[in-house]
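These are my notebook entries on one structure. I record what I looked up, entry by entry.

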Amino acid sequence: MEEFVITVNGKGHLTRRESFDLEFKQAFHYGDSLHEYVRSLVGMANNRGGQIIFGIQDSPRIPVGLQNDKFENLDPTKLNAVILEYFSSDLSYVIESFEWGGKAFGVLKVSEARVKPVICRKSHGRKLREGAVYYRYRGETKEIRYAELAALMDHEREKEKRLWMDHIKKIGDVGPAHVHILDTASGEMNVGSS
């Protein structure tokens with residue numbers, strides 16, 4: 001994922017806009033705002049990953065920095081609690097801070113989900129809806145549209161097919177008599193025979 005770098009024009013406005021992998025927030029808050037941040041992270045993870053940058057004023061986009069230490073003191077267990085309670089799988093994310101122009105900024109970066117889609121397991125007010133699949137579009141996170149969901153599901157089926165083909169090729173290379181299969185769910189091992 002591309003590292004975010006603050007670049008401003010002559011008026012002091014950011015030259016970059018929000019996109020499918022970038023969202024700006026002026027401040028960091030706890031409470032219901034955590035659900036909103038997680039929804040954005042899940043939407044990005046269901047796409048190609050991305051980041052939320054805290055400390056950017058909206059309209060116009062100006063790097064104002066964070067006005068308190070709430071982000072700096074963010075306990076990852078609070079974010080994890082929301083992710084695990086409301087979504088079907090965990091996310092791979094990092095929490096970072098950086099300084100620019102003597103001001104502090106926060107970053108939540110999320111990687112593309114290994115298994116998609118990440119699905120909302122239960123509703124929370126108007127921010128989260130049970131059964132929804134959130135997806136990051138250019139400049140907004142919303143429920144996924146049919147075309148993107150169909151493409152996402154096709155891609156997941158293709159990944160599984162490739163995995164099966166890789167396994168079959170390995171069995172062919174060593175011969176079925178020399179293959180041992182470990183069932184990690186039951187702990188049993190099946191040993192090939194000649």
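I began with a term: a residue is called buried when its relative accessible area is under 20%, exposed when that area is over 50%, and partly exposed in between. I also noted that this is a predicted model.

**Entry 1. Asn47**

I looked up Asn47 and found it in the loop between helix H1 (32–46) and strand E2 (50–54). Is Asn47 buried or exposed? Its relative accessible area is 8%, so Asn47 is buried, because the limit is 20%. I then listed its contacts, leaving out residues up to four places away in sequence: Asn47 touches Phe20, Glu112, Lys116, Tyr135 and Arg136.

**Entry 2. Strand E2**

I next turned to E2, and I found that five of its five residues are buried. Gly50, Ile52 and Phe54 point one way from the strand, while Gln51 and Ile53 point the other way. I checked its pairing as well: E2 and strand E1 (residues 22–25) run in the parallel sense and share four bridges. Phe54 in E2 is the bridge partner of Lys25.

**Entry 3. The nonpolar cores**

Which members of the largest nonpolar core touch the most other members? Among its 28 residues, they are Phe54, Phe87, Leu91 and Leu108. H1, E2, helix H2 (76–86) and strand E6 (103–110) each supply at least two residues of this core. The largest share, seven residues, comes from H1. Another core lies apart from this one; it has nine residues, including Phe4, Leu22, Ile56 and Phe105.

Not counting residues up to four places away in sequence, its contacts include Val38, Val42, Val118, Ile119 and Leu128.

**Entry 4. His35**

I located His35 in helix H1. With 8% relative accessibility, His35 counts as buried. I compared its place in sequence with its place in space: His35 and Val82 are 47 residues apart in sequence, and their C-alpha atoms are 6.7 Å apart. Beyond residues up to four places away in sequence, His35 touches Val82, Tyr86, His124, Lys127 and Leu128.

**Entry 5. Cis peptide bonds**

The bond from Ser59 to Pro60 is cis, with omega near 0°, and Pro60 is in the loop between strand E3 (56–57) and strand E4 (62–63). Ser59 is in the loop between E3 and E4 too. Although Ser59 is not a glycine, it has a positive phi of about 50°. Ser59 is exposed, because its relative accessible area of 63% is over 50%. A cis bond also joins Lys116 and Pro117, with omega about 0°; Pro117 lies in the loop between E6 and strand E7 (134–137).

**Entry 6. Salt bridges**

I noted first that side chains of opposite charge can pair when their charged atoms come close. How many salt bridges does a search of the whole structure find? It finds 16.

I examined Glu143 and Arg129, whose side chains meet at 2.6 Å, N to O. This pair links distant parts of the chain: Glu143 is in strand E8 (residues 140–143), and Arg129 is in the loop between E6 and E7, 14 residues apart. Glu143 is partly exposed at 35%, and Arg129 is partly exposed at 41%.

I then examined two pairs in helix H3. Arg157 and Asp154 form a salt bridge with the closest N and O atoms 2.4 Å apart; both lie in H3, three residues apart, about one turn of the helix. Glu156 and Lys159 form another salt bridge, at 3.2 Å, and they too lie in H3, three residues apart. Glu156 is buried at 13%, whereas Lys159 is partly exposed at 25%. Elsewhere in my list, salt bridges that share partners join Glu23, Lys25, Glu36, Lys127 and Arg136 into one network.

**Entry 7. A surface patch and a hairpin**

I found that Trp164, Met165 and Ile168 form a nonpolar patch on the surface, with about 360 Å² of accessible area together. Trp164 lies in helix H3 (residues 146–174) and is exposed at 53%.

Last, I looked at strands E9 (residues 180–183) and E10 (residues 188–191), which pair in the antiparallel sense over four bridges. Leu182 stands opposite Met189 in E10. This hairpin has four residues between the strands, and Gly187 takes a positive phi near 80°.

Conventions: Residues numbered from 1 in each chain as written. Predicted model: local features only at pLDDT ≥ 70, side-chain atom pairs only at ≥ 80, totals over all residues. Heavy atoms only, no water. Pairing = 2+ DSSP bridges. Patch = residues over 30% accessible without salt bridge, like charges linked within 9 Å, V, L, I, M, F, W, Y side chains within 5 Å. Areas by Shrake-Rupley, 256 points an atom, 1.4 Å probe, with all protein chains shown as cover. Salt bridge = Lys/Arg side-chain N within 4 Å of Asp/Glu carboxyl O. Buried < 20%, exposed > 50% of the residue type's maximum accessible area, 1.4 Å probe, protein only. Contact = heavy atoms within 4.5 Å. Core = buried A, V, L, I, M, F, W, Y, C linked by side-chain atoms within 4.5 Å.
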